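Let us take a friendly walk through a protein model, stopping at a few places along the way. Have the sequence and the 3D view ready, and follow along.

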Amino acid sequence: MSIVTNDSPNLIRFLMGNEAIARGVIESGCALATAYPGTPSSEVMESLTRWKKELRYPIYLEWSINEKVAFEVAYGASLAGSRSAVIMKMVGLNVASDPFLSAAYLGVRGGLVVIVADDPGPHSSQTEQDSRFFAWFAKVPVYDPASPAEALSMTRRAFDLSEKYHVPVMLRPCLRVCHARQNVSMSGPLDPVTVGPFQKNWTKWAATPKFRLVLHGELNEKIKNISLQESDTRPRLISGAKESTLAIITSGSVSSHVQDIVVSDSRLSEVPVYKVDAPYPVNHKALQELVDSKTQTLVIEETYPVIELQLIDKTKVRGRISGHVPQQGELTPEVVERIIMNFSGVETEEMVSPTIRARRPSLCAGCPHRPAFFMIKKLFSESIFTGDIGCYTLGVNLGAVDTCLCMGASIGMASGFAHAADKTDNDQVVATIGDSTFFHAGVPALINAVHTGANFVLVLMDNNITAMTGGQPTPATDFLADGASAVPVDMEKLIRGCGVKSLEVVDPYDYRALEEALTTAKFFSHEKRSGVSVVITRRACIRSRSSSVPNIKFQVGENCDRCMTCIRDLECPAISFVKQEKIVQIDLDLCSGCGFCVDVCPSQAIAAWRNVK
Amino acid sequence: MTQMILCGRGGQGIVFLTRLLGDIATQKGLNVISSETHGMAVRGGSVNSHLKIGPFSSPLIRWGQADCLVSLDSSETLNNEHFLKQGGIVFENSSASSESGLYRVDASNMARSIGGIQLENVILLGFSIFLSNFEISLDDIRQQLAEGSRYRTREQNLAALEAGVRVAEALME
Ligand code: SF4
Ligand code: SF4
């Protein structure tokens, strides 16, 4: 059977790095891919759903409940004999670390590629962790692509390597690859590959500790063989002259900056630049020989010193450990340029950093989370607000988010505040979490809180979608990643099943109902101290397909006495104070007609403007 | 070789412009690489795209290297000016009047009269005629917009482009 229908090979397209990775997945004959959304990785699964449709490619795709489950589903498929992929952002790998480390020992059958996107900067994440380091910790080989085109090719190499050595293989693109676009040549998709049906063997697939020791030995052997036999583990000259007494060793997206800088400056163009495609496990001998043959070697990689640490003798090496490369922050072209200039002894002018007044992000005008935060702030002025990960982290702008740790932590931390020894200051806690994050990691924390009798209010902001990352389905939605129908999980039943006794569901646009529901919850948890109460504020994200925003706009009338309540407490980006004219104004391009500001205004100055059709 | 920064607020269609130009360059067989903002910042925060046509490896433009800055929001111009090379030019969505090297058009108002605020980005594209040696011609852009799938957006995009071109031509005189 050939599945290449309306796609001719050797097509060139302007692809985003994440699209190129997705293309690599289907050019590798992958039969199953799973993911949990997270910037900068989300577009990989989205592109897979598009290629699947466009090419009628027979691949099973799912947005899983969290990264751990996503990993396990992909691993199961690999044992079943199929090539499979699992996609996440780097903090997702923390969640999936348990199966990830264990799978390295057990090994794989069908090629398994673990795609983990890193975010040096960080631009949209809690940490700057380097997943290559995690790969090393797990003893899993890792590819580090420099560009979208290379990401496609490395995805294919990763599948081959995985199947050849029976190990999971990581592909670690950085944000600058994920969200770069480039003209990329594509080949046709490959029919899904299978290595034959699963053979039962408990000493391997259900190994007890005794056999794990054996498996660990096997894994060490695999890693050694990869480092010795695979050319991708050796430094490869990408520019400059071999003969120079200096060398730069680099890897991944930062290598693209290095290359552009060296090539465009005649004072630097002689310096040889070596790239390592697979920075773990490196070929120690080849790498050390290179370093030994030079007077100085500079190692530039993001974000941790993975290649650098694998060098046995670092006396002639400059990098993060020696302090020549900054220990944190993205290695932008300007930073890299400085480092290379210093290293090569080329004079440079002092650079003045521009003053940047970046506009702060804000919940969309009309976002259903905004009224919820407004009301929480209004009714719980004395409380501590534990927040979570999603658009609603932006509740900080409304003063209704005090903490943000990791996925699901709002609930666990709320319990901690509630159970803490010093009750005097911490005895009123309100946790906020979104629907997708609740499913991801909030459910066990809620069960734990109910079970231990923690007293706090949980506001579950249900917009029926994973909004921050572009509107992916959650377990409560009735469709799967590729649009096929799904069994929606009933959130209320789930919450009641966790043992929650006080549960209210409200439309956050409804001022009175929202006020009432939160007051009831406050009474239950903060006054009567009867345990966790849950308020679900339910309304679709205004950017989602199922959004039903009223087709109406609002304006500020003459009654406005410039008290600034709407601007200060509601923080809707559509409302602003116009300095010159000293008036409060609603931007009709931005207003999405939620109407909540009407009830917020103490002077009743806000009213509907006109119906837009 | 062209290096271009496109900037504005999240939601103004910066990525659309970047993709459009990149798609055209790709179809012309050129090497093109770009970088764009996603994630939290697109909720109304500052966003920018880097677009590089030519033999580049890195998707990012270094400070002082951009030939041109396309700005959909005048306050974002200041945040991105450091990318411009000496003599680099700016196309800005603003109601103020143009200066040498800084070409302005009130794209927001013009877009509203053509069919909606979302067209402001395409109006700015009309200013590409100010770029000498730009690999992409107005006709290339017209052709690409004409391939849009939805009739209404297609017609509106084309009208927005021509409106931008008319302003640019008037400024050139
Ligand atoms: S995308 Fe949806 S959830 Fe996120 S801020 Fe906008 S309306 Fe709110
Ligand atoms: S109705 Fe009021 S609160 Fe809602 S989007 Fe418009 S200005 Fe903002």
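We begin at ligand 2, which is surrounded by 14 residues, where a residue counts as near a molecule if one of its heavy atoms lies within 4 Å of it. The closest are C572(A), C591(A), C594(A), G595(A) and C597(A). By class, this shell holds 10 nonpolar, four polar and no charged residues; Ala, Val, Leu, Ile, Met, Phe, Trp, Tyr, Cys and Pro count as nonpolar, Asp, Glu, Lys and Arg as charged, and the others, Gly among them, as polar.

Before going on, a word on the ground rules: this is a predicted model, in which local features need pLDDT of at least 70 and side-chain atom pairs count only at pLDDT 80 or more, while totals for chains, interfaces and linings use all residues. Residues are numbered from 1 along each chain as its sequence is written, chains are lettered from A and ligands numbered from 1 in the order in which they are written, and side-chain values use heavy atoms, leaving out hydrogens and water.

Where does ligand 2 sit? The space taken by ligand 2 is the largest cavity. On a 1 Å grid over the protein atoms alone, a cavity is a set of points where a 1.4 Å probe fits but cannot get out, and its lining residues have an atom within 4 Å of a point. The largest cavity is lined by 17 residues, with G366(A), C572(A), C594(A), G595(A) and C597(A) nearest its centre. Helices α15 (369–379) and α22 (596–600) of chain A are the elements that each give two or more residues to this lining; helices here are DSSP runs of H or I with at least four residues, and strands are runs of E with at least two, numbered from the N terminus.

Next comes ligand 1. Among the residues around ligand 1 are C364(A), C367(A), H369(A) and R43(B). Why is this site shared between chains? It is shared because residues from chains A and B surround ligand 1. The shell has seven nonpolar, two polar and two charged residues.

Our last stop is F16(B), in helix α1 (residues 14–27) of chain B. F16(B) is partly exposed, with a relative accessible area of 36%; buried means under 20%, exposed over 50%, and partly exposed in between, using a 1.4 Å probe and protein chains only. Leaving aside neighbours within four places in sequence, F16(B) is in contact (heavy atoms within 4.5 Å) with N121(B), V122(B), L145(B) and N157(B). F16(B) and V122(B) are 106 residues apart in sequence and 9.1 Å apart in space, C-alpha to C-alpha.

Technical notes
On a 1 Å grid over the protein atoms alone, a cavity is a set of points where a 1.4 Å probe fits but cannot get out, and a pocket is an open set with protein on both sides within 12 Å along at least five of seven lines; lining residues have an atom within 4 Å of a point. A molecule sits in a cavity or pocket if more than half of its atoms lie within 2 Å of its grid points.
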